[in-house]
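Dear colleague,

Please find the structure below, handed over for your own work.

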Amino acid sequence: MTKLALSSADLPVFFEERHAALAARLTPEALAPLAGARDAADVARRMGEPLGLYAHLIPEALGGAPAGAGRAADRAAIDVRSLVLVREALGQVSPLADAIFAVQGLGSYPVVLAGSDAQRREILPDVLSGRRIGAFALTEPEAGSDVASLRTEARREGDGWVLDGEKVLISNVPLAHHLVVFARTSAAAPQRGGGDAGGRAAITAFLVDSGAPGVSAEPLPMSVPHPIGRLRFEGCRVPDSARLGEVGGGFKLAMQTLDAFRISVGAAANGMAARALREAIAHVTRRRQFGAPLSEQQMVRAYLAEMATELDAARLLVARAAHKRDTAPGEAGGAAARVSTEAAMAKMFATEAAQRIIDRAVQLHGGMGVIEGTEVERLYREIRPLRIYEGTTEIQKLIIAKGVLERAAAELPADEPPPGRAP
Ligand code: COS
């Protein structure tokens with residue numbers, strides 16, 4: 001492999017010179033130590049040093065990469081287009097590295113966004129170097145898509161909090177040094193669908209050491225190499241200074257984090273799809289059947305046409321969402337613009353398209369496509385979790401529909417009835 005397929009080359013309108021410089025550093029040779037590696041701890045360390053990839057998760061003021069002109073006032077500025085390029089590259093070279101990188105982001109961005117100066121200084125320089133790995137402990141056995149119904153409890157006791165509950169399907173658990181834990185801080189009972197003081201408004205985030213007394217972890221085996229596990233909190237005592245942001249601010253913090261990182265899930269899917277397309281092209285041009293290379297067959301060409309078009313459409317949606325997130329005027333105080341709808345479109349379309357593209361690549365390989373260890377067989381297993389994690393395709397559809405309806409309502413003249421309603 002001489003070059004990786006990265007969007008900054010094909011879609012320069014969405015990217016800047018510094019992105020081209022980053023893309024030039026993301027070569028197969030530079031990332032070769034990650035390719036095929038199965039030791040998650042080693043992969044996690046290497047992405048810190050020597051590769052320096054975690055710099056794209058940390059604001060420039062704390063030693064991270066610059067987020068571009070006009071973002072100086074935003075103390076939480078990270079550049080989502082850089083995340084897109086890194087994850088497109090990792091998706092092509094090592095989906096294991098990609099997953100660890102993404103969760104390092106989920107486990108540190110809440111600190112970037114809402115951490116006190118002390119928390120930021122304690123955590124982020126070590127995240128940057130890879131000496132510290134983070135995890136994002138949101139999902140529970142009874143609260144996956146329905147975040148607002150989570151049950152892990154944080155009880156006020158003295159000048160601190162006591163955490164009790166269980167988290168499951170938490171990536172990076174076997175490696176993580178710190179956990180961003182979302183817990184219920186109100187006495188009100190959780191309610192399905194949240195939406196009131198018993199749901200969203202009762203959730204608070206905490207920064208918890210994975211080795212703290214009262215925390216236990218258990219790995220869960222997955223169908224692909226991926227560090228993931230279960231966490232139990234039993235009388236886990238933390239000081240109030242472990243709180244991340246406001247009491248009751250946890251739901252919004254989780255959503256803000258997911259908004260930024262969902263775009264990059266689409267990018268990882270595009271990387272895996274690009275790799276599958278390349279493998280498929282190599283195979284059909286080499287493999288001869290009926291006296292000619294497979295690539296001479298019209299049906300094979302139709303597959304290639306669909307795969308390439310879907311991949312380009314996905315890359316456009318991802319680049320659009322990332323560009324808007326990085327450049328659109330945000331909230332007062334310089335915070336990034338909200339791009340929930342565009343992020344959900346990018347995540348949903350790219351992951352679904354990648355699944356179809358990789359499935360076609362398997363089909364084009366014939367029987368070899370299902371032999372364990374071939375590239376397309378591995379990609380077929382690696383792509384599957386992306387349609388689920390950081391919000392399922394079905395949840396993305398809810399977010400998109402809500403955004404579209406809100407936009408339509410906002411554009412209506414005041415005296416017109418909402419769409420679908422009789423005057
Ligand atoms: N930035 C800032 N605020 C946000 C936000 C964002 N990106 N997203 C939501 N909010 C705010 C909303 O503005 C709203 O606040 P107000 O009540 O003050 O208006 C509040 O949060 C609730 O938002 P929303 O109405 O969209 O929430 P819903 O309860 O309707 O839907 C879903 C929530 C289902 C979309 C959410 O629970 C979700 O994303 N679930 C999937 C969770 C997930 O991805 N899990 C994987 C875990 S990580 S592997």
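**Domains**

The chain of this predicted model is divided into domain 1 (7-133), domain 2 (135-248) and domain 3 (251-409); these bounds come from an automatic or database domain assignment. Residues are numbered from 1 along each chain as its sequence is written, and side-chain values use heavy atoms, with hydrogens and water left out. As the model is predicted, local features need pLDDT of at least 70 and side-chain atom pairs count only at pLDDT 80 or more, whereas totals for chains, interfaces and linings use all residues.

Between domain 1 and domain 3, the C-alpha centres are 20 Å apart. In contact (heavy atoms within 4.5 Å) are 29 residues of domain 1 and 35 residues of domain 3. The buried area, that is, the accessible area (1.4 Å probe) that two parts lose on being put together, summed over both, is about 2,700 Å² for domain 1 and domain 3, and carbon and sulfur atoms give 64% of it.

**Ligand site**

The ligand is surrounded by 20 residues, each with a heavy atom within 4 Å of it. The closest are Ser145, Asp259, Arg262, Gly391 and Lys402. Because domain 2 and domain 3 both give residues to this shell, the ligand lies between them.

Helix H9 (250-286) and helix H13 (393-411) each supply at least two shell residues, and H9 gives the most, with seven. Helices (H or I, at least four residues) and strands (E, at least two) are DSSP runs, numbered from the N terminus. By class, the shell has eight nonpolar, five polar and seven charged residues; Ala, Val, Leu, Ile, Met, Phe, Trp, Tyr, Cys and Pro count as nonpolar, Asp, Glu, Lys and Arg as charged, and the others, Gly among them, as polar.

- Lysine 402: 2.4 Å, from a side-chain N or O atom.
- Arginine 200: 3.0 Å, from a polar side-chain atom.
- Glycine 391: 3.0 Å, from a backbone N or O atom.

On its own the ligand has 1,000 Å² of accessible area (Shrake-Rupley method, 1.4 Å probe), and the protein covers 70% of that.

**Backbone geometry**

Most residues other than glycine have a negative phi, and most peptide bonds are trans. Glutamate 49 and proline 50 are joined by a cis peptide bond, with omega about 15°; proline 50 is in the loop between helix H4 (40-48) and helix H5 (80-93). Leucine 169, in strand E3 (residues 160-171), has a positive phi, near 60°.

With kind regards

How values were computed:
A polar contact is a pair of N or O atoms within 3.5 Å; within protein, one must be able to donate a hydrogen and the other to accept it, and residues adjacent in sequence count only if both atoms are side-chain atoms.
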